[in-house]
Amino acid sequence: MISIKHVTIAMALTGTIALTQGLPQAYAYDTETIYQSTNLDGHQVFAECNPGGGTDCDCSDSDVVIESHAEYGEVTSNPFLNNTYVNAIGYKKFYEGLPNGEPLDLGQYIYRGQVRLTENPFPNPYQVDNAQAVHMMIQFYDGRDELYVSNKTSLEGVIYWELNPWVPDSGAIKIGTGTTHQDFYLKPSGIVVNPDQEWHQFELAVDLKTQTYLHVKIGEQQVDLTGLPMTKVHHPDWGNDMALSITTESMASWPQYTCILPFRWATRFRNLDFERVIQ
């Protein structure tokens, strides 16, 4: 139950969100821990083939890999450098309830963790390890309209770290937003993290009841997102279940329409922490 994002390489984006020096006092939440993971052990991976309809190349589940190591996990798109185009969506899904046995609810949730690139993207088509983006998400789906009338539409809070070395805003942290499933777009947050191979802390907070963001934080850079709509993605083929998910996604560079220039991309994640605000 992972959404398919239709993101094009040359998407035009405008506007920024106000960057703050510190989170407002309202963000001093009391929280309870839902889930923690050091190395993605027990997480799954989904092959998002030909994202955005960018190619018609062959693709299968074998074109993505998720691995757990002692101190981190790694999610890889196209590990064998096949002539394909695929996003590797790592995820942990909480199906029909939380790990402690409590039911899912439309509360406020905070997702934290650390992310690290394994290579520096570079605008050379013959550097095979090249990225489009790293993508982290909180996703909620209510297929039977029990908590809200979803009409088979998921709510998604999205951090999108732009890494495409061929675009001028490479390094920008963008937020997925839109008032309906038809108007999804990536809004620049004002935070920029130039690609390197250091560990970077991320934090994303959303309010599922109001279907809006609360804030995002990358390292020491913080942005107030109060009132910004979460994105909505229509899934008419999904079932009547209910689930809350967190994701760790690697997106490789576009290999051209015929996949003549295949790319691989691996991202490392560690110390994931998922919390619910006590209200």
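Visitor: How many disulfides does a search of the whole structure find?

Guide: A disulfide, in general, is a covalent bond between the sulfur atoms of two cysteines. In this model, which is a predicted one, a search of the whole structure turns up two disulfides.

Visitor: Which cysteine does the disulfide join to Cys49?

Guide: Cys49 is joined to Cys59, with an S to S distance of 2.1 Å. The pair links distant parts of the chain, ten residues apart: Cys49 sits in strand S3 (residues 44-49), while Cys59 is in the loop between S3 and strand S4 (64-68).

Visitor: Is that disulfide left-handed or right-handed?

Guide: Look at the torsion about the S-S bond. For Cys49 and Cys59 it is about -70 degrees, so this disulfide is left-handed.

Visitor: And what do Cys49 and Cys59 count as, by relative accessibility?

Guide: Here you need the cut-offs: under 20% is buried, over 50% is exposed, and in between is partly exposed. Cys49 has 30% relative accessibility, so it counts as partly exposed. Cys59, at 24%, also counts as partly exposed.

Visitor: Which cysteine forms a disulfide with Cys57?

Guide: That's Cys259, and the two sulfur atoms are 2.1 Å apart. This pair links distant parts of the chain too, 202 residues apart. Cys57 lies in the loop between S3 and S4, and Cys259 in the loop between strand S16 (242-252) and strand S17 (265-277).

Visitor: What is the handedness of the disulfide of Cys57 and Cys259?

Guide: The torsion about the S-S bond of Cys57 and Cys259 is about 115 degrees, so this disulfide is right-handed.

Visitor: Are Cys57 and Cys259 buried or exposed?

Guide: Use the cut-off again. Cys57 has a relative accessible area of 12%, so it is buried. Cys259 is at 0%, so it counts as buried as well.

Visitor: What pattern do the disulfides follow?

Guide: Count the bonded cysteines along the chain, and the pattern comes out as 1-3, 2-4.

Visitor: Let's look at Thr84. Where is it found?

Guide: Thr84 is in the loop between strand S5 (73-77) and strand S6 (86-95). Its relative accessible area is 3%, so Thr84 is buried.

Visitor: Which residues is Thr84 in contact with, leaving aside its neighbours within four places in sequence?

Guide: You'll meet some cysteines again: Thr84 is in contact with Cys57, Cys59 and Cys259, along with Asp58, Asp63, Asn78 and Pro255. With Asp58 there is a polar detail to find: a polar atom of the Thr84 side chain lies 2.6 Å from the backbone oxygen of Asp58.

Visitor: Now a strand. Which residues of S9 point one way, and which the other way?

Guide: In a regular strand the side chains alternate between the two faces of the sheet. In S9, Thr153, Leu155, Gly157, Ile159 and Trp161 point one way, and Ser154, Glu156, Val158, Tyr160 and Glu162 point the other way. Strand S9 (residues 153-162) is mostly covered, with ten of its ten residues buried.

Visitor: Which strands do bridges join to S9?

Guide: Start with strand S8 (residues 131-142), which runs antiparallel to S9 and is joined to it by eight bridges. There, Gln139 has Glu156 as its bridge partner in S9.

Next comes strand S15 (residues 231-234), which pairs with S9 in the antiparallel sense over four bridges. Glu156 turns up again, standing opposite Thr231 in S15.

Strand S10 (residues 172-177) is also antiparallel to S9, and four bridges join them. To find your place there, look for Ile159, which stands opposite Ile175 in S10.

Technical notes:
Residues are numbered from 1 along each chain as its sequence is written. This is a predicted model: local features need pLDDT of at least 70, side-chain atom pairs count only at pLDDT 80 or more; totals for chains, interfaces and linings use all residues. Side-chain values use heavy atoms; hydrogens and water are left out. A disulfide is a pair of cysteine sulfur atoms within 2.5 Å. Helices (H or I, at least four residues) and strands (E, at least two) are DSSP runs, numbered from the N terminus. Buried means under 20% relative accessible area, exposed over 50%, partly exposed in between (1.4 Å probe, protein chains only). Two strands pair if DSSP finds at least two bridges between them. A polar contact is a pair of N or O atoms within 3.5 Å; within protein, one must be able to donate a hydrogen and the other to accept it, and residues adjacent in sequence count only if both atoms are side-chain atoms. Contact means heavy atoms within 4.5 Å.
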